[in-house]
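Keep the structure open as you read.

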Amino acid sequence: MSGIPFLNLKAQYESLKSEIDAAAARVLASGWYVLGPEVEAFEQAYAQMAGCEFGVGTGSGTEALHLALLAAGVGPGDEVITVSHTAVATVAAIRLAGARPAFVDIDPRRYTLNPAELARAFNPRTRAIIPVHLYGQPADMAPIMEFARARNLLVIEDCAQAAGARYQNQPVGAIGHLAAHSFYPTKNLGAAGDGGMVTTNDAALARRLRALRQYGWRRRYISEETGLNSRLDPIQAAILAVKLPHLPAWNAARRRLAARYRQELASTQAILPAEFPDSEHVYHLFVIRHPRRDALQRYLRAQGVGTLIHYPLPVHLQPAHRSLGNEPGSLPISEGLVAEILSLPLYPELSEAGVSRVAQVIRDFEEMAG
Ligand SMILES: Cc1ncc(COP(=O)(O)O)c(C=O)c1O
């Protein structure tokens, strides 16, 4: 068997090529290149999948988070509680809105915001919480929502890595007040470029989001407030509409392949992703922990297996965010994970034989290394 790349985005395009090509061509022929019917149709279809009444398409997941914060009135002087073990975008959005991120550590098994840490980060300036459904694993939302309700805080779910995941029988995105989604090409539902969406069940927030994503307009050319220009592109919306009906089957394939990894790696030193009976993990990433991660990654690379590390440096220790004053050692679980985590190839188009091959290379490594 030849090498196993970490990702293979072309395989998904090839599987739907004629429909995707036709969708893109339809938009090009329509002459309607910003917002319009293609975007509206996809907003409705995606929001419905996410259990929400309203969807507002944006230019990216980062801007979806930024716009969600602006629409909720979060800004300078406010604090937003979130995690450091996430994509930098979660934290960048808080800072772009002018607010201050207050970091809490993660649950050592879910790798998502630990609700038991919330009280420590809360203060009178706290306005919102952003839990991140990292790797496709839903955060433990029930205690987060309870904490927020008791203190009148807003909850914005970061669903970028968890399209189609469920928590206590609800789709992620339908649990908090607002949710941000990303259609970055590698995501479980990926466009052929950047794209994002905010979903909500709150009509007033949806109206404000629609204004804020284009210059603060409620009527054309009349700005009620300062907004951005961040709109989901109609060509991307048309492509995403072709892909959306396949999301459940793709997520099922990811779960099937994850189960195969689980079976084949059971006897190794790898710590496998945890599954919880109240949640449906959608395996955006299959992240193991290994005591000899760097040597294992080198060995996998030498055998033609692509892997990545999500993420190599917690956000609170990154150069852009050190000025917030969070010391090394302040988030021990998040910081400790960084040396051990390794993301293995996992995508719907990967074969079971491919998973077996990766697992075999890991077993070989352990046997060889003793
Ligand atoms: C957890 C998380 N939040 C936010 C984002 C930002 O999404 P985008 O890349 O579409 O801006 C990403 C993706 O990069 C992500 O993984």
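How far apart do the C-alpha centres of domain 1 and domain 2 lie? They lie 24 Å apart. The model is predicted: local features need pLDDT of at least 70, side-chain atom pairs count only at pLDDT 80 or more, and totals for chains, interfaces and linings use all residues. Residues are numbered from 1 along each chain as its sequence is written.

The domain assignment gives domain 1 as 9–245 and domain 2 as 246–369. Such bounds come from an automatic or database domain assignment. The contact takes 34 residues from domain 1 and 30 residues from domain 2. Two residues are in contact if their C-beta atoms, placed from the backbone, lie within 7 Å.

Look at the side of domain 1 that touches domain 2. Helix H1 (9–15), helix H5 (88–96), strand E3 (100–104) and strand E6 (166–167) each supply at least two of its residues. Helices (H or I, at least four residues) and strands (E, at least two) are DSSP runs, numbered from the N terminus. By class, this side has 18 nonpolar, 10 polar and 6 charged residues. Ala, Val, Leu, Ile, Met, Phe, Trp, Tyr, Cys and Pro count as nonpolar, Asp, Glu, Lys and Arg as charged, and the others, Gly among them, as polar.

Now turn to a helix pair. Helix H11 (residues 293–302) packs against helix H13 (residues 352–369) at an angle of about 120°, with the axes 10 Å apart. Axes are lines fitted to C-alpha atoms, for helices over the stretch in contact, and angles run from 0 to 180 degrees between N-to-C directions. H11 and H13 are therefore oblique to each other. Angles under 35 degrees count as roughly parallel, over 145 as roughly antiparallel, 65 to 115 as roughly perpendicular and the rest as oblique.

Which residues meet here? From H11 come Ala295, Leu296, Tyr299 and Leu300, and from H13 come Val361, Ile362, Phe365 and Ala369. The residues of this contact divide into 8 nonpolar, no polar and no charged.
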